[in-house]
Amino acid sequence: PYTTLFRSLMTAIDNLLLFRCVQIVRRLSERDRRIGVFCNISMASLEDDQFFSSFIEFMRENRDLAHAMIFEISVRSFNTRTDIAARNMGRLKELGFRFSLDKGDGLNFDLPELQAAGVKFVKVNGERLLEELTPGGERPISAISRDIAAEDVPAVFVRYGIDLVAEKVENEKSVIEILEFEIPYGQGHVFGAPRPIKGSLLEETAPPAEFVRRVSAQAM
């Protein structure tokens with residue numbers, strides 16, 4: 001069926017991309033231990049026991065990179081994850097790896113739930129974030145019973161070990177407003193256009209031919 005083929009292709013693509021991501025992070029961290037790389041992983045892969053059994057062993061062998069690799073999924077995928085995906089996320093968390101949620105649309109997050117799942121970063125559209133950082137705007141679920149002032153929202157996230165990231169920031173005015181709320185991170189074209197990885201690094205981190213053949217065969 002089409003759905004089965006699609007999921008097989010997704011896990012095959014993840015296999016190749018995640019392998020390369022690990023190799024790139026290893027090379028970069030040799031030069032600077034402060035490096036941090038967000039690496040997308042699909043729900044199809046987190047729910048695929050055949051893929052995940054080999055993947056978790058691979059990450060166990062590379063657990064020394066846990067400080068530098070953050071696995072990223074969308075907020076929607078996190079909210080609709082299956083028990084299998086939640087369990088496999090937990091296995092990565094046990095190895096020391098953490099997660100980032102992107103494509104957030106508002107601040108109505110359950111912070112204890114995110115903390116328990118190993119979420120370290122939450123990315124919210126910059127304009128939407130600023131809209132909610134007003135009196136009466138959305139507030140996250142937490143153990144704090146009082147009304148949370150707009151300027152205290154980032155600190156509430158930090159209390160649960162989570163950093164807010166304003167994404168898709170496109171102009172300097174938004175940057176100034178974000179800084180006023182002490183939101184620790186931002187991303188968007190205003191900070192600079194994305195740049196490709198150097199060709200030499202891509203060549204050095206290319207998956208071995210046998211690895212590519214095995215992954216391709218599993219997707220068929």
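How far does helix α3 (residues 49-61) reach from its first C-alpha to its last? In this predicted model, the 13 residues of α3 span 18 Å, close to the 18 Å expected at 1.5 Å a residue. At the N-terminal end, α3 is capped by aspartate 48, with a side-chain oxygen placed 3.0 Å from the backbone nitrogen of phenylalanine 51.

The buried residues of α3 are Phe51, Phe52, Phe55, Ile56, Phe58 and Met59. Viewed down the helix axis, these buried residues fall within an arc of 160°, and they therefore line one face of α3. Gln50 and Glu61, on the other side of the helix, are exposed.

The largest nonpolar core comprises 57 residues. Those touching the most other members are Leu46, Phe55, Met59, Met69, Phe71, Leu92 and Leu164. Helix α3 supplies the largest share of this core, six residues. Among the core residues listed above, leucine 92 was examined for contacts beyond its neighbours within four places in sequence. Leucine 92 is in contact with Phe52, Phe55, Ile56 and Met59, and also with Leu46, Phe71, Phe97 and Phe99.

Strand β3 (residues 98-104) runs parallel to β4, and four bridges join the two strands. Serine 100 has phenylalanine 121 as its bridge partner in β4. Strand β4 (residues 119-125) is largely enclosed by the rest of the structure, because five of its seven residues are buried.

Technical notes. Residues are numbered from 1 along each chain as its sequence is written. This is a predicted model: local features need pLDDT of at least 70, side-chain atom pairs count only at pLDDT 80 or more; totals for chains, interfaces and linings use all residues. Side-chain values use heavy atoms; hydrogens and water are left out. The expected span of a helix is 1.5 Å times one less than its number of residues. Buried means under 20% relative accessible area, exposed over 50%, partly exposed in between (1.4 Å probe, protein chains only). The arc is that of the directions from the helix axis to the C-beta atoms. A polar contact is a pair of N or O atoms within 3.5 Å; within protein, one must be able to donate a hydrogen and the other to accept it, and residues adjacent in sequence count only if both atoms are side-chain atoms. A nonpolar core is a set of buried Ala, Val, Leu, Ile, Met, Phe, Trp, Tyr and Cys residues joined through side-chain atoms within 4.5 Å. Contact means heavy atoms within 4.5 Å. Two strands pair if DSSP finds at least two bridges between them.
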